[in-house]
Amino acid sequence: MKIAVTAKGEGLSAEVDERFGRAACFVLYDTETKMVRTIDNGQSVNAAQGAGIQAAETIARQGAECLITGHCGPKAFRTLSSAGIRVYNGAAGTVAQAIAALEQGSLAKASAADVDSHW
Amino acid sequence: MTVAVASGKGGTGKTTVAVSLALSREEPALLLDCDVEEPNANLFLSPAIEDTLPVEMLVPEVDAARCTGCGACSRACRFHAIVSLGTEPLVFPELCHACGGCVLACPAGAIREVPLCIGVVERGRAGPLAFAQGRLDVGHAMAVPVIRALRSAVPPHGFTIIDAPPGTSCPVIASVHGADAVLLVTEPTPFGLNDLALAVGMVRALGLPFGVLINRSDIGDNAVRDYCAHEMIPLLMEIPEDRRVADAYSRGIPAIEAVPDLLPRFHELADRLSGLRAGRGAGVAG
């Protein structure tokens, strides 16, 4: 399974970025191969509008099946849902800690956006 | 003669100036409030609205039966208003700029455009002054179609004054476009100067004759005057800080009614604006 985690920097030791659409980076982690890859989200960070939608497109194209982040707004949630990506909110600490929390089942799967647009 | 009253910074007195300039005219005059996100000239004029026109924009609608999920629409849209991730596209009308690009890009002919009502144009009169304003509905973000609808529904008539929104973005450009002269209202503060310089860049790029009005001219510092002198920008009027103007503003009374001494000064302002227009192409715009 490919997991995307919003992060303030590169790799597993980076701090989780609680924003989704305007997160600095996405750290992609493949639970089978243990491969880690960081992709820059600068394009969405600087978007005037639609950052969440663009970020959702980005991680969908990378084949992510699951997203770990702090919060997720309505347009992003709708786009992620249409791509079949499961959303886990409320993550904190490092990317590695967030992935461990997901694997231990301590993150709850979101069924709707937990914040308004542009929170 | 069409004068657009604009500013980089908000809250410098655009509406105060636009309303007073409109009320100072003896010939037929028209005020267009193009600040469609928050039109407020009506608070000072209490116009009688005679008709209301809906403003629609065209947004995509996808026929699921014909869509192949190829994603061409999604790649064509710079605004992420239509998104396909190998599935039937999601449409976000609030982000759509109504360019029709997705319709052209769709190889399956699965997208058609449908009207979405985003606001209104209201036309009326405030005594001898013709008045019109646009109002963007709450929850919509696209001011430009409302401004364009307002300007095409109400062509210039006599001395026409356009009250533009603040800033230098698309709604401002849609408001000042085609004006004979632009009056940039600022305040003599570092914030006023910073945003004035941005607005000057905008009107220069548009090639429009323009001049500056310094409101509350006896506060702050001299940097705006120095900037105008250095850039050879005509300083058309200064309005000193006056408690009577602020007091009247708080009660919806135009400055020119509260301080009748301003009337001849607004006549001079109109003459200077006409002069800018006459000097067009002769380097007056800097």
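Author: A pocket, on a 1 Å grid over the protein atoms alone, is an open set of points with protein on both sides within 12 Å along at least five of seven lines; a cavity is a set where a 1.4 Å probe fits but cannot get out, and lining residues have an atom within 4 Å of a point. Grid points are joined across faces, edges and corners, and a volume is the space filled by probe spheres set on the points. This is a predicted model, in which local features need pLDDT of at least 70 and side-chain atom pairs pLDDT 80 or more, while totals for chains, interfaces and linings use all residues; side-chain values use heavy atoms, without hydrogens and water. Residues are numbered from 1 along each chain as its sequence is written, with chains lettered from A and ligands numbered from 1 in the order in which they are written.

Reader: Which residues lie nearest the centre of the second largest pocket?

Author: They are Gly11(B), Thr12(B), Gly13(B), Thr16(B) and Tyr249(B), out of 24 lining residues. The space in this pocket is about 470 Å³.

Reader: Which elements of chain B each supply at least two residues of that lining?

Author: Helices (H or I, at least four residues) and strands (E, at least two) are DSSP runs, numbered from the N terminus. Here α1 (14-24), α9 (243-250) and α11 (262-278) of chain B each supply at least two residues. The most come from α1(B), which gives four.

Reader: How does the lining of the second largest pocket divide by class?

Author: Ala, Val, Leu, Ile, Met, Phe, Trp, Tyr, Cys and Pro count as nonpolar, Asp, Glu, Lys and Arg as charged, and the others, Gly among them, as polar. The second largest pocket has ten nonpolar, eight polar and six charged lining residues.

Reader: What is the volume of the largest pocket?

Author: The largest pocket has a volume of about 640 Å³. Its lining has 25 residues, and Phe79(B), His97(B), Met142(B), Val144(B) and Cys170(B) lie nearest the centre. In chain B, β3 (48-62), α5 (143-153) and α6 (170-176) each supply at least two lining residues. The lining of the largest pocket consists of 14 nonpolar, seven polar and four charged residues.

Reader: How many cavities of 30 Å³ or more does the structure hold?

Author: Rolling a probe the size of a water molecule over the atoms shows where empty space is left. The structure holds three such cavities of 30 Å³ or more. The largest cavity has about 120 Å³ of space. Among its 18 lining residues, Pro60(B), Cys96(B), Cys99(B), Gly100(B) and Cys102(B) lie nearest the centre. β3 and α4 (101-105) of chain B are the elements that give two or more residues to this lining. In the second largest cavity, with about 100 Å³, Cys67(B), Cys70(B), Cys73(B), Pro89(B) and Cys106(B) lie nearest the centre.

Reader: Is β1 of chain B buried or exposed?

Author: Buried means under 20% relative accessible area, exposed over 50%, partly exposed in between (1.4 Å probe, protein chains only). Five of the five residues of β1 (residues 2-6) of chain B are buried. Thr2(B), Ala4(B) and Ala6(B) point one way from the strand, and Val3(B) and Val5(B) the other way.

Reader: Which strand does β1(B) join by four bridges?

Author: Two strands pair if DSSP finds at least two bridges between them. β1(B) runs parallel to β8 (residues 159-163) of chain B, joined by four bridges, and Ala4(B) stands opposite Ile162(B). β1(B) also pairs in the parallel sense with β9 (residues 181-186) of chain B, over four bridges, where Val3(B) stands opposite Ala181(B).
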